[in-house]
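Visitor: Please take a close look at one part of this structure and describe its surroundings step by step. I would like the cut-off behind each term as it comes up.

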Amino acid sequence: MKPEKGAIELENGVFPAVCPLDCPDTCGLLLHKQNGRIVKVEGNKGHPITAGAICNKVRNMTERIYHTERLMYPLRRTGPKGEGKFERISWDEAIREIADRYQSLIREHGPESILPYNFYGNMGVIGVEGMDRRFFNRLGASQLLRGICNAAGTAGWKSTMGFGGGTSPEEAAEAKLFIVWGGNIVSTSMHMFTLIEKARKQGAKLVVIDVHKNKTGERADWFIPLYPGTDGALALGLMHVLFERGLTDGAFLSRYTTGHEELREHVKQYTPEVVAAITGVPADDIVKLALMYGETTPAYIHIGNGLQHHDNGGMMIRTIACLPALTGQWLVRGGGAFKSNGAYGSLNGEALERPDLRANPEARIINMSRIGEALLTEQPPIRSLFVYCSNPAVVAPDTEKVQRGLMREDLFTVVHDLFMTDTAKYADLVLPATSSFENTDLYASYWHHYVQLQEPVIAPVGEGKSNFELFKRLAQAMEFTEEAFQESEEDLIRQALSYPDNPYLDGVSLERLQEERFVKLNMEPQRRYLENLGTPSGKIELFSERMAEAGLPPLPTYIPLTEGYDGRSRPGQGDPYPLMFISPPNQSFLNSTFGNVEKLKKIEKGPILQIHPQDARDRGIAEGDRVAVWNDRGTFEAKAMVTDRMLPGTVVSQGLWWGEGGRHRSNALTSDKPSDMGGGATFFSTVVDVKRQ
Ligand SMILES: Nc1nc2c(c(=O)[nH]1)N[C@H]1C(S)=C(S)[C@@H](COP(=O)(O)OP(=O)(O)OC[C@H]3O[C@@H](n4cnc5c(=O)[nH]c(N)nc54)[C@H](O)[C@@H]3O)O[C@H]1N2
Ligand SMILES: Nc1nc2c(c(=O)[nH]1)N[C@H]1C(S)=C(S)[C@@H](COP(=O)(O)OP(=O)(O)OC[C@H]3O[C@@H](n4cnc5c(=O)[nH]c(N)nc54)[C@H](O)[C@@H]3O)O[C@H]1N2
Ligand code: SF4
Ligand SMILES: [Mo]
């Protein structure tokens, strides 16, 4: 479909758009406009991968865009922090106040007293990796380590594979065996599930390995439950059987990997019996799965986010990433693995973010997953926080600590969002943001290979401003005169796409995006994929010197969780809290986004705690009881669902709920301890107990 020129001025029509949410699918959309308002959001059938199907969340996007509680103008706090009392002010006043406060903070305490805090509430790169980054670089603010989502897994994957990309969806569709490992793709990447369903019609099989039978597990040919954080041991057990049964590809191992002889010796200890005792997966099933994996080709592994949110998450993903190399599946079309395909579409970050504008490149780095701790203890103190595209009072680990940090009277907090989120309630200034359909921006998927452009379809709602416009105005107020602050969205898009270091971007241009809407990356270089890996040896590193240098075992190794149990120390035997608490996303929200849309909240039926009949019985808990889940960090309230979807000892609650005085924040319980690699968050390595309320 060709772009409609000036969609924003047209009262009626159907206009192309992109889903802005942090979801691998990055669907192509069509927006139906009547009398100047979007009345319907549907999938764009022209998109080669998403092909017109979209999730229920985004079908209901108008409920969010035209929500009665959408912020309409800037606000200044009038009541105590957290209470939510504000007065209307003008944009000029808001911008002036920020600039004045920043100038005096910089004078008195230096620019590192200011910290930006953002994530991917909107995936548009111009808004979250563009003018905003330029502004904070030029300011010299403290730097943010954005590791809350996938840092551990990325580090683990890269230690084995070097390059941050794996099997393409078009190829994965041809697999005969799909292993979805620690992910819930029915809810979180629905088009991947559609590809699997098509392949199953041709006889392919789906195995799901998870700590609870999620919606994907329900639909699997074989669901394998295991104890949290033990997947590394399971993968090593599979390797043990693959070597023992002669199911490894010696030619592949010799040519493309380091350390396969050492690995063969090393995995002798991980017998099915040893691994069964660690994981809770019966020894026979371990052998059966290994044979299935070793004898089916193409075999594809889809690695979800669940694994890397453990304190041994980097190593678990490093270990699983070794499996396709053992069987040579990387050379089979449709085989291999996926953790993220983000690296294929990587843009020119230096041109976008302009680190050269920073006078203090050594400015301190604050880990976003430890924001509570940082606000409470960092020295010299963080004196100002600028939050955008994120809701840390709900999504960050240890929210009780985050809340205490945000309550600090001497902290000057600005929040830019579409809604009065739990975080915004603690702000001194709250600024209204536009939705992505009101902006120009560029979107690349971290799963498929199509780049897309969003052009504004409706005028800004209320006095909302895009991130781009906001930071451009702030730069003016701070009297930043560099050319970088004069440029337009189109300028930044051109700069982002001009990146000779990434051959996959060859031929993708703004003009083509305007003309064609979906522009495929140039996947030609993928043919040389294995010759070109970014590890120190250039090979798949089964043995990694870098791991050893970092003080970790150089060969993939099972490392038990430090918070939680590993099968040897069963719940109730030594741990102060006997249950492991897993809090993955639900289907109807996108992280905390949509957590204020009544229609979607109803579908999810409120915060629910899934608890095993045995654990429920021990505590006198029955179906539907109100329960409190607690540990030293805090309490989370939910309704009990008694179910045997998990092994005893694991409880699960899906969805990042907010509002209602924070009673339903699952992150009240989670630890802000960083993961073993990459400084990632460890949400799922959490022990708790449960009682009836
Ligand atoms: N509907 C919806 N879609 C989303 C999101 C959303 O919030 N809602 N969020 C988006 C984002 S930001 C991301 S990062 C992705 C995440 O999407 P996925 O990659 O699918 O990951 P999660 O949904 O976090 O699923 C984690 C799964 O891991 C399981 N798990 C936890 N611990 C372990 C373990 O030790 N071993 C194993 N084998 N399994 C374990 C959990 O039970 C859960 O089923 O989804 C994106 N898409
Ligand atoms: N317990 C637990 N916690 C988790 C997870 C989990 O599985 N379990 N998952 C983690 C993961 S994987 C992730 S990625 C994080 C995600 O955490 P966040 O990145 O904080 O994601 P959201 O909760 O969706 O919050 C995004 C906010 O951005 C706002 N927003 C949207 N568009 C714009 C815009 O254009 N401009 C501005 N200024 N604001 C905008 C939205 O209104 C919303 O309030 O959560 C993490 N937290
Ligand atoms: S959230 Fe994911 S599945 Fe839903 S429309 Fe957006 S990209 Fe598509
Ligand atoms: Mo994420």
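Guide: The model is a predicted one, in which local features need pLDDT of at least 70 and side-chain atom pairs count only at pLDDT 80 or more, whereas totals for chains, interfaces and linings use all residues. Residues are numbered from 1 along each chain as its sequence is written, chains are lettered from A and ligands numbered from 1 in the order in which they are written, and side-chain values use heavy atoms, with hydrogens and water left out.

Side chains also reach ligand 1: an N or O atom in the side chain of D210 is 2.6 Å from an oxygen atom of the ligand, and a polar side-chain atom of H310 lies 2.9 Å from an oxygen atom of ligand 1. Taken alone, ligand 1 exposes 910 Å², of which the protein buries 95% (accessible areas by the Shrake-Rupley method with a 1.4 Å probe; for residues, only the protein chains shown count as cover). There are 32 residues around ligand 1, and T188, D210, D231, F589 and N591 come nearest (near means that a heavy atom of the residue lies within 4 Å).

Ligand 2 has its own surroundings, with 34 residues, of which D417, N467, S583, S592 and T593 are the closest. Backbone N or O atoms take part here as well, that of N391 lying 2.9 Å from an oxygen atom of ligand 2 and that of V395 lying 2.8 Å from a nitrogen atom of ligand 2. An N or O atom in the side chain of D417 is 2.6 Å from an oxygen atom of ligand 2; taken alone, this ligand exposes 920 Å², and the protein buries 96% of that. The shell around ligand 2 is made up of 15 nonpolar, 16 polar and three charged residues (nonpolar: Ala, Val, Leu, Ile, Met, Phe, Trp, Tyr, Cys and Pro; charged: Asp, Glu, Lys and Arg; polar: the others, Gly among them). Because domain 2 (75-149 + 355-453 + 460-520) and domain 4 (579-692) both give residues to that shell, ligand 2 lies between them; the domain bounds come from an automatic or database domain assignment.

That division also includes domain 1 (7-65) and domain 3 (152-339 + 533-549), whose centres, taken over C-alpha atoms, are separated by 35 Å. Ten residues of domain 1 are in contact with seven residues of domain 3 (heavy atoms within 4.5 Å).

Definitions and conventions:
Polar contact = N/O pair within 3.5 Å; in protein donor to acceptor, adjacent residues only side chain to side chain.
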